[in-house]
Amino acid sequence: MSTTRNRNLLIIIAVLLLTNVAVLVYFLGQKRPEKAATPDSGKDNKNFVAEMLQKEVGFSDEQAAKYKELKGKQREKIVPMYDNMLKAKDSLFRLLSYPETTDSVVDKMADVIAQKQKAIDLETLNHFKRVRLLCTSDQLVKYDTMVLQLVRKMGKPVRHGESEKKENKK
């Protein structure tokens with residue numbers, strides 16, 4: 001009886017092991033569907049806005065080239081601003097190591113960060129104004145709508161797993 005029982009247990013264990021391996025191979029071998037590039041997708045989307053301007057607003061090749069030129073100039077301005085703000089945030093959160101830090105010091109550092117963020121937002125607004133000047137009168141409404149959509153997406157926090165939930169509901 002003991003050998004029959006042991007043999008049955010070994011067969012069950014072998015079947016479970018093979019099933020687990022098969023499921024593992026199945027899930028690891030599956031390709032994930034490609035997501036469309038969006039401002040918050042984390043993909044390299046250098047030309048995302050330029051493509052949107054051409055597809056949704058109707059920018060000509062000449063307008064797109066002028067946009068790319070404006071974008072390069074804006075990037076030169078804004079990247080150092082972001083770096084500066086990130087350094088200020090690093091300094092703020094390093095205060096965690098110093099429990100004796102007063103609230104007034106924390107508030108002052110938060111105000112510095114807020115001013116840096118304000119400067120970034122104003123520069124971004126001015127950039128969008130400069131790009132808007134490239135639009136024809138027929139393109140203005142489409143451009144304004146597209147910019148609002150972009151800004152709303154840029155302002156949303158990245159939530160891991162949210163896109164998968166939305167896709168599963170469809």
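**Exercise 1. Find which residues have the most contacts inside the largest nonpolar core.**

Solution. The largest nonpolar core has 16 residues. Such a core is a set of buried Ala, Val, Leu, Ile, Met, Phe, Trp, Tyr and Cys residues joined through side-chain atoms within 4.5 Å. Buried means under 20% relative accessible area (1.4 Å probe, protein chains only). Val49, Leu53, Phe59, Tyr67, Tyr143 and Met146 have the most contacts inside this core.

This is a predicted model: local features need pLDDT of at least 70, side-chain atom pairs count only at pLDDT 80 or more, and totals for chains, interfaces and linings use all residues. Residues are numbered from 1 along each chain as its sequence is written, and side-chain values use heavy atoms, with hydrogens and water left out.

**Exercise 2. Work out which helix gives the most to this core.**

Solution. Helices are DSSP runs (H or I, at least four residues), numbered from the N terminus. H2, H4 (103–132) and H5 (140–155) each supply at least two core residues. H2 gives the most, with six residues.

**Exercise 3. List what Tyr143 touches.**

Solution. Leave out residues up to four places away in sequence. Contact means heavy atoms within 4.5 Å. Tyr143 then touches Leu53, Val57, Phe128, Val131, Arg132 and Cys135.

**Exercise 4. Describe how H2 and H3 cross.**

Solution. Take H2 (residues 48–57) and H3 (residues 61–94). Their axes come within 10 Å and cross at roughly 150 degrees. H2 is therefore roughly antiparallel to H3 (angles over 145 degrees count as such). Val49, Ala50, Leu53 and Gln54 of H2 meet Asp61, Ala64, Tyr67 and Lys68 of H3 in the contact.

Note on methods: Axes are lines fitted to C-alpha atoms, for helices over the stretch in contact, and angles run from 0 to 180 degrees between N-to-C directions. Angles under 35 degrees count as roughly parallel, over 145 as roughly antiparallel, 65 to 115 as roughly perpendicular and the rest as oblique. Buried means under 20% relative accessible area, exposed over 50%, partly exposed in between (1.4 Å probe, protein chains only).
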